[in-house]
Amino acid sequence: MIRKTIMLIAATVTSFLALAQQPSNITGSTDPAKIKRVGLFKVLNGRLKEIASSIPDASGRFAFRFTPEYEGLYSLGSGNAQNQQGLFRFYFKGNEDLNLKLMQNDYELTGDNTPENEALYAWDRQSKSLRDKGITPGGISTYVDFFPELEQFKGQLEEIKKKVKTGNPAFDTFFPELVDYDFAYYAISYLYMPRTAHPSKEEMSDFYTQFNADRYLTDQLLRFPYGDRFMTNMIYRKLDLATKPTFDQQVAAIGPDILKGQYVLQRLETARSYNDFQEMNDKYKKYFTLPEQLERAKVIEARLVETKTGVPAFRFSYPDISGKKISLPDLKGKVVLVDMWATWCGPCRAEEPHWERLNEEFKGKPVAFVGVSVDQDKTKWDAYVKQKNLKGIQLHAGSDNELSNAYKVNGIPRYLLIDKAGNLISADSPRPSDPKLKVLLEEWLKK
């Protein structure tokens, strides 16, 4: 009897592996005037990664033939991994066909489809109103209409979960979880979308007052396309944001280490200097347990290696207010503070008094204060510098410049600190308004 059971399990596993290695086919149609490109994505630990794309022909037809890496959810549509509007998820295990009509914000199944995707489609039809209101930015709904709809639909979930029997044990076990996660994701996301009216704490409906984030902060999140973004929203629900929780407190609010690793990597991917990466990586790398998490950390480190303390800084050369070009080698022997800024930038202007004060405090010392403008309009920069009589060396680099590209400057103000030998100290130094900058300047002046 035991031998027969083992043989049956082995046969089942062999059959599953053979099925998973079979290609799946996607045949679709769309309006080629509205949708120029269709992407196919796999779910990679709660995020999406594109694995193929198709350009609709003149008649709007597109197709894919691919071999699923795993049995589970994949996403398809006109959106992308960062902006998932226009993406819809389907279930693949191998050796199946998906036939659909794709719209910008919806889809229809056409022809023959698997029981799994028919079940997903039925659920998507039933939950469409909540989904559209919950994860679509804008004012198509307020809590006055959304909360009653949410509470009413909540009472239907158990019946919806019971009705699905596709004959696929893996999917039939997964589907009730999918319904619960989807419903919670739509409901919680709603609170963080721009609205014309927002509820007070007292106006929250029962779902929100009884919501238990830990119920959803589980490894299951990694199976969903929205896993990472849902995790962030749940942390915000657990912590009182008015208290300005530290990053340590945010990480501590997550239960499983594997999710802690995901959350830390989200933050690491926004690091702007190697030093920032190194500090956080050293503190939290113990949570990187998945091979893909370790690989993500390596990719981030490689991207930031040029911002590592001690490497030669980018040798910029830009014209000053008189048109004379000033380059980094011209400033050798001085500690150089570079201010990446623009005349239209409010936060940049807010730093000006502190910038001026630092200039005065370090007057006569080997420190060069260099403002590098990213203004597209050079005449506006010229007039602004003259009107304000800004201190320091003022240079104009323009909106698309090599220095910004070298240090991935996507937001300003941004401050770079360079030592006397022309080597990088920090690609994301404290701002002039931060007392830490003065301490840093004094420290490097002694070297």
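Mentor: One term before we start. A residue is buried when its relative accessible area is under 20%, exposed when over 50%, and partly exposed in between. Also, keep in mind that this is a predicted model.
Trainee: OK. What share of the chain counts as buried?
Mentor: Of its 447 residues, 49%.
Trainee: And how many helices and strands are there?
Mentor: There are 15 helices and 15 strands. The C-alpha atoms fill a box of roughly 85 × 55 × 50 Å along the principal axes.
Trainee: Switching to charges. How many side chains are positive, and how many negative?
Mentor: The chain has 62 positive and 58 negative ones. The centres of the two sets lie 4 Å apart.
Trainee: Why would they pair up?
Mentor: Opposite charges can pair when their charged atoms come close. A search of the whole structure finds 29 salt bridges here.
Trainee: Show me one. What does Lys42 pair with?
Mentor: Lys42 bridges to Glu69, with the closest N and O atoms 3.1 Å apart. Lys42 sits in strand 2, while Glu69 is in the loop between strand 4 and strand 5. They are 27 residues apart.
Trainee: Is Lys42 buried or exposed?
Mentor: Lys42 counts as buried because its relative accessible area is 13%. Glu69 is at 55%, so Glu69 counts as exposed.
Trainee: What about Arg296?
Mentor: Arg296 forms a salt bridge with Glu269, again with a closest N to O distance of 3.1 Å. Arg296 lies in helix 11 and Glu269 in the loop between helix 9 and helix 10, so the pair ties together parts 27 residues apart in sequence. Arg296 is buried, at 7%.
Trainee: Which residues form a network of salt bridges?
Mentor: Glu158, Lys161, Glu177, Asp180 and Arg215.
Trainee: Last one. What does Gly392 touch?
Mentor: Asn359 and Phe369, leaving aside residues up to four places away in sequence. Gly392 is in the loop between helix 13 and strand 13.

Methods. Residues are numbered from 1 along each chain as its sequence is written. This is a predicted model: local features need pLDDT of at least 70, side-chain atom pairs count only at pLDDT 80 or more; totals for chains, interfaces and linings use all residues. Side-chain values use heavy atoms; hydrogens and water are left out. Helices (H or I, at least four residues) and strands (E, at least two) are DSSP runs, numbered from the N terminus. Buried means under 20% relative accessible area, exposed over 50%, partly exposed in between (1.4 Å probe, protein chains only). Lys and Arg count as positive and Asp and Glu as negative; His and the chain ends are not counted. The place of a charge is taken as NZ of Lys, CZ of Arg, CG of Asp or CD of Glu. Contact means heavy atoms within 4.5 Å. A salt bridge is a side-chain nitrogen of Lys or Arg within 4 Å of a carboxyl oxygen of Asp or Glu.
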